[in-house]
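Colleague: I'm new to this one. Can you put it up and walk me through it?
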Amino acid sequence: MPSTRAAALSRWPSRLAPWLASGYLALLTVMLPLAPLGASLLFGRLKYLRDYLGFIRRMRVHIAALREGPARHYFEDVMGRQDKVPAEIAGSCVQCGNCCMNKRCVFLEPIDNDRYQCGIYHSPLRRWSNCGSFPLHAHDIARYACPSYHVVRVVGRRD
Ligand code: SF4
């Protein structure tokens with residue numbers, strides 16, 4: 001039955017998301033000693049290699065923050081599902097750093113006391129990350145207390 005099959009397919013992200021998130025976090029943890037090298041090559045920034053131990057220290061904080069929900073959110077809500085976003089959202093970023101895992105992202109860089117910038121904003125890879133999709137919906141905005149973005153109109157029901 002096509003409708004039953006479609007319903008089953010629509011449920012796969014929530015079933016697989018915890019496993020995929022655990023696998024991703026385990027991979028990041030195992031690869032931690034190589035993280036500065038990988039990040040430098042991937043994003044074309046030598047500064048991660050130059051501050052090898054500092055990057056690993058910050059990466060530990062980053063992984064702990066991912067473990068609190070963002071890793072699962074990616075596999076459950078973001079990957080391949082951005083087109084099902086149920087809301088029309090307005091606002092513009094004031095660079096507070098809240099949605100960057102509450103300022104714990106390893107790539108976040110301070111501009112001044114209250115503002116931050118993404119150190120890998122230039123990378124096309126960002127497009128497929130949680131960052132590239134933020135904010136997905138009202139919950140996304142609320143959980144990081146984003147001071148700018150807001151839902152203008154709910155477009156449809158979410159799966
Ligand atoms: S929480 Fe909102 S305003 Fe702050 S950095 Fe993220 S998108 Fe920008």
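Predicted model: local features only at pLDDT ≥ 70, side-chain atom pairs only at ≥ 80, totals over all residues.

Colleague: Which element holds Leu 37?

Modeller: Helix α2 holds Leu 37. Tyr 48 is 11 residues away along the chain, and the two C-alpha atoms are separated by 7.3 Å.

Colleague: Which residues of α2 are buried, then?

Modeller: Ala 35, Pro 36 and Ala 39 are the buried ones in α2. They sit on the same side of α2, because they cover an arc of only 100° around the axis.

Colleague: What covers them?

Modeller: The cover over the buried residues of α2 includes α3, residues 47-50, and α4.

Colleague: And what follows α2?

Modeller: Gly 44 follows α2, and its phi is positive, near 65°.

Colleague: Let me zoom out. How many helices and strands are in the protein chain?

Modeller: The protein chain has 7 helices and 4 strands. Starting at the N terminus, the order is α-α-α-α-α-β-β-β-α-α-β.

Colleague: How much of the protein chain is buried?

Modeller: Buried residues account for 18% of the 159 residues. As for contacts between residues at least 6 apart in sequence, 65% join residues at least 24 apart.

Colleague: Which residues make up the largest nonpolar core?

Modeller: That core has 12 residues. Among them are Ala 35, Ala 39, Tyr 48, Phe 55 and Met 59. Cys 99, Cys 100, Met 101, Cys 105, Val 106, Phe 107 and Ile 120 belong to it too. Two elements, α2 (35-43) and α4 (52-67), each give two or more residues to this core.

Colleague: What does Cys 105 contact, beyond its neighbours within four places in sequence?

Modeller: Cys 105 is in contact with His 62 and Cys 100, once those neighbours are left aside.

Colleague: Where is the cis peptide bond?

Modeller: The cis bond joins Phe 134 and Pro 135, with omega about -10°. Pro 135 is in the loop between α6 (130-133) and α7 (138-143).

Colleague: Now strands. Which way do β1 and β4 pair, parallel or antiparallel?

Modeller: They pair in the antiparallel sense, over 4 bridges. β1 spans residues 87-90. Ala 90 stands opposite His 150 in β4.

Colleague: How many residues of β4 are buried?

Modeller: The count is 0 among its 5 residues, 150-154, so β4 is hardly covered.

Colleague: And α5, how many of its residues are buried?

Modeller: Helix α5, residues 70-78, is mostly covered, with 7 of its 9 residues buried. The buried residues in α5 include Arg 72, His 73, Phe 75 and Asp 77.

Colleague: Back to β2. What about Leu 108, buried or partly exposed?

Modeller: Leu 108 is partly exposed, because it has 18 other C-beta atoms within 10 Å. Leu 108 lies in strand β2. Gly 97 is 11 residues away in sequence and 7.7 Å away in space, C-alpha to C-alpha. Apart from neighbours within four places in sequence, the contacts of Leu 108 include Gly 97, Lys 103, Tyr 116 and Cys 118.

Colleague: Last topic, the ligand. Which residues come nearest to it?

Modeller: Cys 93, Cys 96, Asn 98, Cys 99 and Cys 146 come nearest, out of 13 residues around the ligand. The shell divides into 9 nonpolar and 4 polar residues, with no charged ones.

Methods: Residues numbered from 1 in each chain as written. Buried ≥ 20, exposed ≤ 12 C-beta atoms within 10 Å, placed from the backbone. Pairing = 2+ DSSP bridges. Near = placed C-beta within 6 Å. Nonpolar A, V, L, I, M, F, W, Y, C, P; charged D, E, K, R; others polar. Contact = placed C-beta atoms within 7 Å. Core = buried A, V, L, I, M, F, W, Y, C linked by C-beta atoms within 7 Å. Arc of directions from axis to C-beta.
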